[in-house]
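Please report on how the inside of this protein is packed.

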Amino acid sequence: MKRSRINDIMAHADDMIRKFGFTLPPFAYWTPSEFQQNADRARHVIDARCGWDITDYGDGDFDRMGLFLFTLRNGLLSDLQRGGGMCYAEKLLISRQDQLSPMHTHVIKAEDIINRGGAMLVIELFGSDDEGNFADDRGGTVYCDGIRVDYAPGQKLVLAPGESVTLRPGDWHAFWGEGGDVLIGEVSTVNDDETDNIFREPIGRFADIDEDVDPTHLLVSDYAKWLK
């Protein structure tokens, strides 16, 4: 992805987030140099990989397959492993109309996916086999706003604004906006996007970036290079 496109997506996302009554934390608006100056104070933000995240899954066609995310807060796997401390995470996401977030599951993370506003959010569901692998002949059980829903393989849940689904490890899922763009909330156990995203197809989690302009704000995938 071109950095100029990423900068434009950030601006568009910020407008949409504000439209629905949310405001990102102050560090979201730091310039790269401001982030470098505040790196010591922001060590938890960096280590927990909070912040901007825009991906085309390495496919090169963001409009067809991609996702905007901003991690608002996140604990550390060490907290989760010892069963104490900050064992939770929260994100805002934007799924554009017909923009696919491809079929995947998580080994560790359980998550509530919430339609926070906009159009309808469609979630396609499959179950897993005994080893947790994708199984196109298996369904399962999820909870929508606390109400049990037994789903058949490939069933599509359609969530209106305010509705949610709870997904547990082994629930394979893909999602997209239907009828327009959707602002999504995610509340989960500790999030580790580097190791805990298992995709059905061999694709990447992060975008390859063409630095045609300077970044407006850093992505979480920029931290290792910019904030050594």
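The report below takes cores, rings and spaces in turn.

This is a predicted model, in which local features need pLDDT of at least 70, side-chain atom pairs count only at pLDDT 80 or more, and totals for chains, interfaces and linings use all residues. Residues are numbered from 1 along each chain as its sequence is written, and side-chain values use heavy atoms, with hydrogens and water left out.

**Cores.** A nonpolar core is a set of buried Ala, Val, Leu, Ile, Met, Phe, Trp, Tyr and Cys residues joined through side-chain atoms within 4.5 Å. Buried means under 20% relative accessible area (1.4 Å probe, protein chains only). The largest core has 33 residues. Those with the most contacts inside it are Leu24, Phe35, Trp52, Ile54, Phe68, Phe70 and Tyr223. Helices H1 (3-19) and H3 (43-47) and strands E1 (51-55), E2 (67-74) and E3 (88-95) each supply at least two residues of this core. Helices (H or I, at least four residues) and strands (E, at least two) are DSSP runs, numbered from the N terminus. H1 gives the most, with six residues. Another core lies apart from it, with 21 residues, including Tyr57 and Phe199.

**Rings.** Rings of Phe, Tyr and Trp (its six-membered ring) pair if their centres lie within 6.5 Å; planes under 30 degrees apart count as stacked, over 60 as edge-to-face and the rest as tilted. The count comes to nine aromatic pairs. Two of them share Phe35:

| Pair | Centre distance | Plane angle | Class |
|---|---|---|---|
| Trp30 and Phe35 | 5.1 Å | 85 degrees | edge-to-face |
| Phe35 and Tyr223 | 5.2 Å | 55 degrees | tilted |

Phe35 is buried at 2% relative accessibility. Tyr223 is buried at 3%. Trp30, at 19%, also counts as buried. Ring pairs link Phe27, Trp30, Phe35, Trp52, Phe68, Phe70 and Tyr223 into a cluster.

**Spaces.** On a 1 Å grid over the protein atoms alone, a cavity is a set of points where a 1.4 Å probe fits but cannot get out, and a pocket is an open set with protein on both sides within 12 Å along at least five of seven lines; lining residues have an atom within 4 Å of a point. The largest cavity is lined by 19 residues. Leu67, Leu69, His104, Glu186 and Asn197 lie nearest its centre. The largest pocket is lined by 16 residues, with Ala48, Arg49, Asn74, Asn191 and Asp192 nearest its centre. E1 and E2 each give two or more residues to the pocket lining.

Methods:
Buried means under 20% relative accessible area, exposed over 50%, partly exposed in between (1.4 Å probe, protein chains only).
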